[in-house]
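Thanks for coming, everyone. Let me put the model up, and then I'll talk through it.

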Amino acid sequence: MKHLSCAEFQATVGEYTIRHRSILDILSKTQEAAARLNRAVTKAVTGCGCVQINATKQALPSDISLRDWRHYVDTHLQGSLCEDCRDIVETEMGRLLFYLAALANTLGLSLEQVMAKEKGRITTLNIFNFT
């Protein structure tokens, strides 16, 4: 599969955004797409069972540094997505990316620049970036 740049994706979205050009439509479709992605992951757990969630309080030793937290914090996720669930999650994630790109186009933003700025914030804040 050919590597697709963020700019190429955003340009393609711009070409094919026909029905949802209003900022209000794009905002509501972005929210809907995020909800559908959440639902797809939830169905992988509750419907298929290919992944399980075992959520408990994060157990962090008191004598570790903030930098070492990532080695102790658990995802609470067990298993891996089966082929069917992976396809559904990827589809829903793609739809969310589509509407994020449409939003960027409408607001005159570059997703590549947004990502670059966010990467800069992450690397500047380093371990103090609590996202």
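Ground rules first. This is a predicted model, so local features need pLDDT of at least 70 and side-chain atom pairs count only at pLDDT 80 or more, while totals for chains, interfaces and linings use all residues. Residues are numbered from 1 along each chain as its sequence is written, and side-chain values use heavy atoms, with hydrogens and water left out.

Start with helix H1, residues 6-16. Helices here are DSSP runs of H or I, at least four residues, and strands are runs of E, at least two, numbered from the N terminus. Which residues of H1 are buried? They are Cys 6, Gln 10 and Val 13. Buried means under 20% relative accessible area, exposed means over 50%, and partly exposed is in between, with a 1.4 Å probe and protein chains only. Looking down the H1 axis, those buried residues fall within an arc of 60 degrees, so they line one face of the helix. The arc is taken from the directions from the helix axis to the C-beta atoms. Glu 15 and Tyr 16 are exposed, on the other side of H1.

Next, salt bridges. The criterion is a side-chain nitrogen of Lys or Arg within 4 Å of a carboxyl oxygen of Asp or Glu. How many does the structure hold? Four. I'll go through some of them.

Glu 32 pairs with Lys 29, with the closest N and O atoms 3.4 Å apart. Both lie in helix H2, three residues apart, about one turn of the helix. As background, an α-helix has 3.6 residues a turn, so residues three or four places apart point the same way. Glu 32 is partly exposed, at 38% relative accessibility.

Now Glu 92. Its salt bridge with Arg 36 has closest N and O atoms 3.2 Å apart. Glu 92 lies in helix H3, residues 83-107, and Arg 36 in helix H2, so the pair ties together parts that are 56 residues apart in sequence. Is Glu 92 buried or exposed? Buried, at 7% relative accessibility. Arg 36 is partly exposed, with a relative accessible area of 39%.

Glu 92 also meets Arg 95 in a salt bridge, at 3.1 Å, N to O. Arg 95 and Glu 92 both lie in helix H3, three residues apart, about one turn. Arg 95 counts as partly exposed at 39% relative accessibility. Shared partners join Arg 36, Glu 92 and Arg 95 into one network of salt bridges.

On to the surface. Ile 23, Leu 24, Leu 27, Leu 107, Leu 109 and Val 114 form a nonpolar patch with about 530 Å² of accessible area together. Patch members have over 30% relative accessible area and no salt bridge; like charges are joined within 9 Å, and nonpolar side chains (Val, Leu, Ile, Met, Phe, Trp, Tyr) within 5 Å. The areas are Shrake-Rupley with a 1.4 Å probe, and for residues only the protein chains shown count as cover. Helix H2 gives the largest share of the patch, three residues. Val 114 sits in helix H4, residues 111-125. Val 114 is partly exposed at 38% relative accessibility.

Aromatics. Rings of Phe, Tyr and Trp (its six-membered ring) pair if their centres lie within 6.5 Å; planes under 30 degrees apart count as stacked, over 60 as edge-to-face, and the rest as tilted. By that rule there is one aromatic pair. Phe 98 and Tyr 99 are edge-to-face, 5.1 Å centre to centre, with 85 degrees between the planes. Phe 98 is partly exposed at 23% relative accessibility. Tyr 99 is buried, at 13%.

Tyr 99 turns up again at Thr 30. Thr 30 is in helix H2. It is buried at 12% relative accessibility. Not counting residues up to four places away in sequence, Thr 30 touches Leu 96, Tyr 99 and Leu 100. Contact means heavy atoms within 4.5 Å.

Gln 31 belongs to H2, residues 23-48. Gln 31 is exposed, at 62% relative accessible area. Val 45 is also found in H2. Val 45 is partly exposed, at 23%. Leaving aside neighbours within four places in sequence, Val 45 contacts Val 51 and Ile 53. The C-alpha atoms of Val 45 and Gly 108 are separated by 38 Å, at 63 residues apart along the chain.

That's the tour.
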